[in-house]
Amino acid sequence: MDTHARSIVIGAGFAGLSAAIALADEGVDLTVLEARERVGGRVWSITLTNGAVVELGGEWIMADDSVVHETASRFGVPLVETGASFGRREPWGEGAATLEAQDVFLEAADAALAALPPDRVAAMNVCEFLEGVEGDPAARSIVALRLAGTCARELREVSLASLASFGGERAFSSHDDVSHRAVEGNQAIARAMASELPDVRTGQVVDAIEHGRDGVTVRIGARSEQADVAVVAVPAPIASRLRFAPGLPDPLASALAGLPMGEASKLAVATKRRPPVRSRQSVDRSMWCWTGHGAGGKPRHCVTSFAGSSEAKESLGLTRGEVLPWLGALRSMNPDLMLVGEPVLYSWADDPFTLGAYSSWDRASWERRGVLAEPVGRLAFAGEHTAGDRHGTMEGALRSGRRAAEQVLRVLSR
């Protein structure tokens, strides 16, 4: 490998930073360019007025997220078990199906999925699949709401194959999963990675990328940066809007432009006292809330809520720029908690650097997903949308960065 090789990494989210660390480990001179004035991308931690640290972006570090755990350990970022469950949520509202009834329905769903031939799985959306599963209608309804929230999209628009691939043979099972978060917020992992890199520049909005046999030129306004290789680690909608010269191959350009993004929003609000740890799912919209442990393994003085899909966004007043309807729903789901201070709301569909929360696959986009991870000459592509069955997660982003780094290292070794 050329010992004087230089790389540019575009994007300082988990994917870009992971790629940069892998390249730096191999002695590659590199620069990271980030459009925001902070690192972390869709992993964004803030501190409420009462000192509670909350996540406005990526939150759940699961037990099998091996690269997240490994990265946190390498950079000395302590994790704490949340005590809350991502998948098993107390139903809240009139006519709610019990957790036991939901378990029965989910077992039936897994059995029905296992019985389907691959071509039928590939052809179906999640909504039509669930409608064909026999069981308690109330259980079906709340399971659908939970999944629509997770996918951040109406289930009629979500490929069954994409959901099935993520969960493996038991895609619909719900259980008391163990999860962690960084004590100082998950963005602390990004900050720790960035601090070990030689040249991370924020506020750098890339406009165009020129690439050829002799190298790569990245345009940032009137300025430019040259390198031997580059990793493009930005969300799919942003990558599709960059000007590439020459243009990207049609299959890749179409896959980037056509990939749907989930419409997800988060609301966090402080509590006067430490709340009991809980996870609660609304029975009338794809919205849920939770409390969990923070520093010292004690419950944080806050409650966080997540809403996914356009219907949930409309019902909570987000399309009208309102916060009170959601805050009222949160109060009704937590009548024992005293909420204090100003709530913090963030809608990722309105973020100019993401244009959505994370990839949410329809049938066409899932069928062409493979091209998203393929290199183009001296360019490699990273991001949760390139992570296959770990799409939409911090784990997937980190893994994609490592894979992209390997791809450009092979170019440099020729």
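**Chat about helices, strands and cores**

User: Hi! Which residues in α8 are buried?
Analyst: Hello! In α8, the buried residues are Gln 187, Ala 188, Ile 189, Ala 190, Ala 192, Met 193 and Ala 194. Buried means under 20% relative accessible area, exposed over 50%, and partly exposed in between (1.4 Å probe, protein chains only). Helices (H or I, at least four residues) and strands (E, at least two) are DSSP runs, numbered from the N terminus.

User: What should I know about the model and the numbering?
Analyst: This is a predicted model, where local features need pLDDT of at least 70 and side-chain atom pairs count only at pLDDT 80 or more, while totals for chains, interfaces and linings use all residues. Residues are numbered from 1 along each chain as its sequence is written, and side-chain values use heavy atoms, with hydrogens and water left out.

User: Thanks. Why is β2 described as largely enclosed?
Analyst: Strand β2 (residues 29–33) has 4 of its 5 residues buried, so the rest of the structure largely encloses it. β2 runs parallel to strand β1 (residues 6–10), joined by 5 bridges; strands pair if DSSP finds at least two bridges between them.

User: How does the chain get from β1 to β2?
Analyst: Through helix α1 (residues 14–25), in a right-handed β-α-β crossover. Right-handed means that, with the strands pointing away from the viewer, the path from the first strand over the helix to the second runs clockwise.

User: And which residues partner Leu 33?
Analyst: Ile 10 is bridged to Leu 33 of β2, and Leu 33 also has Arg 201 in β9 as a bridge partner. β9 (residues 200–201) pairs with β2 in the parallel sense over 2 bridges.

User: New topic: which residues have the most contacts inside the largest nonpolar core?
Analyst: Phe 129, Phe 172 and Ile 209, in a core of 53 residues. Helix α6 (residues 137–151) gives the most to this core, with 5 residues. A nonpolar core is a set of buried Ala, Val, Leu, Ile, Met, Phe, Trp, Tyr and Cys residues joined through side-chain atoms within 4.5 Å.

User: What does Phe 129 touch?
Analyst: Beyond its neighbours within four places in sequence, Phe 129 is in contact (heavy atoms within 4.5 Å) with Ala 109, Ala 112, Leu 113, Leu 116, Met 124, Leu 160 and Phe 172.

User: Last one: how many disulfides does the structure hold?
Analyst: The structure holds 0 disulfides, meaning pairs of cysteine sulfur atoms within 2.5 Å. For Cys 127, the nearest cysteine sulfur is that of Cys 151, 12 Å away.
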